[in-house]
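Subject: A structure for you to look at

Hi there,

Here is the structure I promised to pass on. Please open it next to this email and follow along as you read.

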Amino acid sequence: MEAEPDGTTAAADRDDGGAGERAGRRAVVRDALGVGVAVGLSGFAFGVTAAGAGISTAQACVLSLLVFTGASQFALVGALAAGGNPFTAAAGAFFLGTRNAFYGLRLSQLLALPRAVRPLAAHWVIDETTAVALAQKGRDHARLGFTVTGLTLYLLWNLTTLLGALGAEAIGDTAAWGLDAAGPAVFLALLAPMLRTTTERAVALLALVLGLGFLPVLPAGVPVLVAALAAPAVLFLTGRRAKGPRS
């Protein structure tokens, strides 16, 4: 007969398992805080860009509180700064933000949050929270990563938006200091690491060509909408090439 493990061995196994779980949770929190802090600080650039576009500090803060999706916010104030129609600028920002709805479809299955908190959690469904949540192995860790990233990023993004807008107001003419380029620079810095595949790079390149090509001939804000056609165009051509010639 095999000897049964004594109580000391079983307790040691439980301690090892508990220590491993705690280490795993600490790693999730560490990664989530890293993402939240790194991206949250870019709210400075949004505050400065918003002020340069003629948006008041209060309006910039309301945008960050209620919209809370950096790419859409930068697109909106960028179009307004270029003299674009507010409705056109809002449309461009809206289309950029629709990707969050697709993130939500995936996260709703992964996180399986209680119905009572889903409306609040939906406000935090953005690129960064989705990336951190999907990188985790289990549901508990995914929930933890999503929550820590969302909370850290939301608090920092709104705080730095306020500080950036107040700083820009104190400086005066942001263009004279070259701060009007802060928004596009941050946007490119966030975009570049996401272009991992050939298809993604092709979409970005075609969008750049379309946006710059139509910039001189279309009203401000409209070239952004035209550039959005790059994604379906590249995907269509990629699909046709994958199918190959028909016999």
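Let's begin with contacts, where a contact means heavy atoms within 4.5 Å. Among contacts between residues at least 6 apart in sequence, 74% join residues at least 24 apart.

Before you go on, a word on where the values come from. This is a predicted model, in which local features need pLDDT of at least 70 and side-chain atom pairs count only at pLDDT 80 or more, while totals for chains, interfaces and linings use all residues. Residues are numbered from 1 along each chain as its sequence is written, and side-chain values use heavy atoms, leaving out hydrogens and water.

The overall picture

The protein has 13 helices and 0 strands; these are DSSP runs numbered from the N terminus, with helices (H or I) of at least four residues and strands (E) of at least two. Of its 247 residues, 34% count as buried. Buried means under 20% relative accessible area, exposed means over 50%, and partly exposed is in between (1.4 Å probe, protein chains only). The accessible surface comes to about 14700 Å², and 68% of that belongs to carbon and sulfur atoms. Such areas come from the Shrake-Rupley method with a 1.4 Å probe, and for residues only the protein chains shown count as cover.

Rings that meet

The structure holds 6 aromatic pairs. Rings of Phe, Tyr and Trp (its six-membered ring) pair if their centres lie within 6.5 Å; planes under 30 degrees apart are stacked, over 60 edge-to-face, and the rest tilted. One of these pairs is Phe-46 with Phe-74, edge-to-face at 5.7 Å centre to centre and with 85° between the planes. Phe-46 sits in helix H2 (residues 43–52) and Phe-74 in helix H4 (residues 70–81), 28 residues apart. Phe-46 counts as buried because its relative accessibility is 0%, and Phe-74 is buried too, at 6%. Phe-74 also pairs with Trp-157: the ring centres are 6.3 Å apart and the planes stand at 85°, so this pair is edge-to-face. Trp-157 belongs to helix H9 (residues 139–171), so the pair ties H4 to a part 83 residues away in sequence. Trp-157 is buried, at 4%. Together, ring pairs link Phe-46, Phe-74 and Trp-157 into a cluster.

The nonpolar cores

A nonpolar core is a set of buried Ala, Val, Leu, Ile, Met, Phe, Trp, Tyr and Cys residues joined through side-chain atoms within 4.5 Å. The largest has 29 residues, and Phe-46, Phe-68, Val-77, Leu-107, Leu-111 and Phe-146 touch the most other members. At least two residues each come from H2, helix H3 (57–66), H4, helix H5 (86–97), helix H6 (99–111) and H9. Which helix gives the most to this core? That is H9, with 5 residues. Apart from this core lies another, of 5 residues, among them Val-28, Ala-32, Val-132 and Leu-144.

Helix H8

Helix H8 (residues 127–134) is largely enclosed by the rest of the structure, because 6 of its 8 residues are buried. These are Asp-127, Glu-128, Thr-129, Thr-130, Val-132 and Ala-133.

Leu-41 is found in the loop between helix H1 (7–40) and H2. Leu-41 is partly exposed, with a relative accessible area of 41%.

Enjoy exploring!
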